[in-house]
Amino acid sequence: MSQAAASSSAGEAPGESELGAAEFAAIAAIMQREARIHLSDAKRTLVHSRLSRRLRERRLATFRDYVAMVQHDAEERATMVVALTTNHTHFFREAHHFDHFRETLMPELKRAASARPVRIWSAGCSSGEEPYTIAMCLLGRDRTAAAWLRQADVRILATDISTPMVEATRRGVYGAAAAEAIPEPYRSAWLRPSPQGVEIAPEARALVTARPLNLFEPWPMRQRYDAIFCRNVMIYFDDAAKAELELRLADRLAPGGFLYIGHSERLIGPAAQKLGLCGQTLYAHAQEASR
Ligand SMILES: C[S@@+](CC[C@H](N)C(=O)[O-])C[C@H]1O[C@@H](n2cnc3c(N)ncnc32)[C@H](O)[C@@H]1O
């Protein structure tokens with residue numbers, strides 16, 4: 001029996017249906033349209049396992065029923081998009097970026113902060129480990145090192161398409177194991193014990209504003225950013241979407257600003273002409289690159 005036929009056979013328990021080719025194609029088309037996330041055929045097993053739970057929760061017997069539901073139910077469609085995002089992240093991920101941030105960009109930002117606002121964007125922030133890593137770098141090793149921030153207007157915007165991830169960022173609470181990735185002295189300085197493990201100290205939380213944002217919808221922000229971290233996000237998009245997003249990110253980089261992308265990513269579109277590669281998966285605004 002074909003998978004499609006199996007998926008529509010009677011008597012299946014909710015959530016135990018096969019995912020047929022037609023239903024997978026319909027789901028992939030929705031993901032492409034809503035989030036520009038490209039689901040290759042190789043993702044079929046992953047889609048099946050992540051959405052089987054939704055079938056059970058909605059008490060649906062087949063993926064055909066589920067696809068019919070998401071076609072007309074915007075709320076379930078948004079839930080499906082969230083269920084099919086990959087949110088893997090950790091504190092101080094790709095530590096060389098934070099070495100560069102501290103050693104090259106921060107001295108410049110400290111000088112600039114006496115005269116103007118400093119803005120940093122974590123685009124695709126997942127559960128918040130990335131923006132809080134940036135916050136810990138800005139705060140430094142202890143309260144004395146953080147003193148410069150009291151006179152400065154410095155903010156980190158953290159955005160993600162997934163509302164549960166944005167809520168997790170706002171909570172700033174993590175398991176004890178997650179905290180092990182944070183090197184001393186940052187761990188002692190900017191974490192507090194909590195019943196679930198640890199929580200981010202108020203000084204670090206105060207720097208971060210978390211908001212839901214689909215990167216392919218209009219951006220409500222007006223300003224340009226001194227640093228944009230868009231790491232391990234573009235890998236999920238097709239080439240046209242990557243090129244489009246790269247260009248929009250490049251246009252939002254302030255003079256002297258840096259774009260940090262993920263370890264397996266590179267700029268593939270016209271943004272590569274606007275920005276200069278100046279390190280491992282690290283691009284500078286043209287003004288900085290030409291120095
Ligand atoms: C693998 S995580 C990367 C987290 C963090 N940047 C890092 O490198 O550790 C990718 C994140 O991108 C988000 N994402 C995927 N498509 C998106 C879109 N169209 N708009 C905004 N965020 C998106 C996902 O929800 C997920 O949280």
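Me: Counting a residue as near a molecule if one of its heavy atoms lies within 4 Å of it, which residues come nearest the ligand?
Reply: Thr89, Arg93, Gly124, Asp160 and Asn232 come nearest, out of the 22 residues around the ligand. Bear in mind that this is a predicted model, where local features need pLDDT of at least 70 and side-chain atom pairs count only at pLDDT 80 or more, while totals for chains, interfaces and linings use all residues. Residues are numbered from 1 along each chain as its sequence is written, and side-chain values use heavy atoms, with hydrogens and water left out.

Me: How much of the ligand's accessible area does the protein cover?
Reply: 99% of the 610 Å² that the ligand has on its own (Shrake-Rupley method, 1.4 Å probe).

Me: So which pocket does the ligand sit in?
Reply: The ligand sits in the largest one, meaning that more than half of its atoms lie within 2 Å of the pocket's grid points. A pocket here is an open set of points on a 1 Å grid over the protein atoms alone, where a 1.4 Å probe fits, with protein on both sides within 12 Å along at least five of seven lines; lining residues have an atom within 4 Å of a point.

Me: What lies nearest the centre of that largest pocket?
Reply: Thr86, Asp160, Asn232, Val233 and Tyr236, out of 26 lining residues. Asp160 and Asn232 are also among the residues that come nearest the ligand.

Me: Switching to the second largest pocket: what lines it?
Reply: Among its lining residues are Glu34, Ala78, Thr79, Val81, Val82, Ile161, Thr163, Pro164 and Glu217.

Me: Which helix gives the largest share of that lining?
Reply: Helix 5, with four residues. Helix 5 (74-83) and helix 8 (163-171) each supply at least two residues there. Helices are DSSP runs (H or I, at least four residues), numbered from the N terminus.

Me: What about Glu94, is its phi positive or negative?
Reply: Positive, about 50°, although Glu94 isn't a glycine. You'll find Glu94 in the loop between helix 5 and helix 6 (95-112).

Note on methods: Near = heavy atom within 4 Å.
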